[in-house]
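Please look over the sequence and the model shown here before reading on. The briefing below is arranged by topic.

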Amino acid sequence: MPLEKTQAIVLRVIEFSESSCVVTLFTRDFGKVGALAKGARRPKSAFDSALDLLSVCRIVFLPKSSEALDLLTEARLERRFRLAGRSLPCLYAGYYVAELLNELTHEHDPHPELFDAAVQALAGLDQPGAAPLPWVVRFELTSLQILGHLPSLEVCVECGSAVEPTARVAFGLTAGGVLCANCRPGQRHVVTIGGGTLRVMQCYSEKSGQTWQRLQLDAPTRAELRGVLGQYIAHLMGRPPRMQAYLPLLASEAMPPPPA
Ligand SMILES: [Zn+2]
């Protein structure tokens, strides 16, 4: 197989031997890739210092035909996010973006628009004074949409009738979206959410437009939003994401800390 070139976000780096690493990358053109980076731990390697968690780099790799790891031959750093220097919630949010990319996608299943959405989220989190919650929610709903898992937010997921965002709305975690009064009985794993929270989710999942960036969310809405999205994604993955335990921090954070 010929050498391939693409952009990649570093999702995971595991030391493999004294000189090498195994990296998990989310590439723009080939989806998730697990690759061996020989000599990556030596100074002055072909990877320089590009293989750090959440770095965006331009890579050259040799895809393997079988179950074997691909071989990374080159990585050049394009962008490093300084989330740790912003705030701890921004750093956790960045790790969560990486975890979702790793858990919700399959190897060699390309989604260029998901790559772009992830870079946009990491760049958003990297802005001085960034509030992490909006970027996390936007990335969650965008990635669910791209991967075909966006819950039904306007019509009943069972019968397709319109569901108005009234005081409380039934949301089926297994069914995959809102439920009308007729379809709710007998459904398993149903939570209820406020109509306001549902409208916020609709706004955040709009493909175009930047309205979501202007929404002001009160504390109960932030908490409910985290609650329902957290449960829905855990349901989808079959277990809660590891970083989920750190995300309530985002919901409780009214204002971001001042930039350092
Ligand atoms: Zn229905």
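What follows covers the metal site, the helix contacts, and a few individual residues.

This is a predicted model, in which local features need pLDDT of at least 70 and side-chain atom pairs count only at pLDDT 80 or more, whereas totals for chains, interfaces and linings use all residues. Residues are numbered from 1 along each chain as its sequence is written, and side-chain values use heavy atoms, with hydrogens and water left out.

**Zinc site**

- Four cysteine SG atoms, those of Cys156, Cys159, Cys180 and Cys183, coordinate the zinc ion at 2.3 to 2.4 Å; donors are N, O and S atoms within 2.8 Å of the metal (3.2 Å for Na, K and Ca), and since water is not among the atoms, sites may look incomplete.
- The angles among the four donor atoms run from 103 to 116 degrees, and the site is tetrahedral, a label given to four donors if all angles lie between 85 and 135 degrees.
- Along the sequence, the donor residues follow the spacing C-x2-C-x20-C-x2-C.
- Cys156 counts as buried because its relative accessibility is 2%, while Cys159, with a relative accessible area of 46%, is partly exposed; buried means under 20% relative accessible area, exposed over 50%, and partly exposed in between (1.4 Å probe, protein chains only).

- Helix α4 spans residues 132-146, and its axis and that of α3 come within 9 Å and cross at roughly 175 degrees; helices (H or I, at least four residues) and strands (E, at least two) are DSSP runs numbered from the N terminus, and axes are lines fitted to C-alpha atoms, for helices over the stretch in contact, with angles from 0 to 180 degrees between N-to-C directions.
- α3 and α4 are therefore roughly antiparallel to each other, given that angles under 35 degrees count as roughly parallel, over 145 as roughly antiparallel, 65 to 115 as roughly perpendicular and the rest as oblique.
- On the α3 side the contact includes Glu113, Leu114, Ala117 and Ala118, and on the α4 side it includes Trp135, Phe139, Thr142 and Ser143, where contact means heavy atoms within 4.5 Å.
- By class, this contact of α3 with α4 has nine nonpolar, four polar and one charged residues; Ala, Val, Leu, Ile, Met, Phe, Trp, Tyr, Cys and Pro count as nonpolar, Asp, Glu, Lys and Arg as charged, and the others, Gly among them, as polar.
- The axes of α2 and α4 come within 10 Å and cross at roughly 10 degrees, which means that α2 is roughly parallel to α4.
- Pro89, Cys90, Ala93, Tyr96, Val97, Leu100 and Leu101 in α2 meet Pro132, Val136, Phe139 and Glu140 in α4, and by class this contact has ten nonpolar, no polar and one charged residues.

**Helix α5**

- Eight of the ten residues of helix α5 (residues 195-204) are buried, so this helix is largely enclosed by the rest of the structure.
- The buried residues of α5 are Gly195, Thr197, Leu198, Val200, Met201, Gln202, Cys203 and Tyr204, and what covers them includes α4, β6 (168-172), β7, β8, α6 (211-214) and α7 (219-237).

- Most residues other than glycine have a negative phi.
- His108 has a positive phi of about 55 degrees; this residue lies in the loop between α2 (88-104) and α3 (112-125) and is partly exposed at 38% relative accessibility.
- His189 likewise has a positive phi, near 55 degrees; His189 lies in the loop between β7 (177-179) and β8 (190-194) and is partly exposed, with a relative accessible area of 40%.
- Val190 is found in strand β8 and is partly exposed, with a relative accessible area of 22%.
- Leaving aside residues up to four places away in sequence, Val190 touches Ala170, Phe171, Gly172, Leu179 and Arg184.

Methods:
Tetrahedral: all angles 85-135°; square planar, octahedral: opposite > 155°, others 65-115°.
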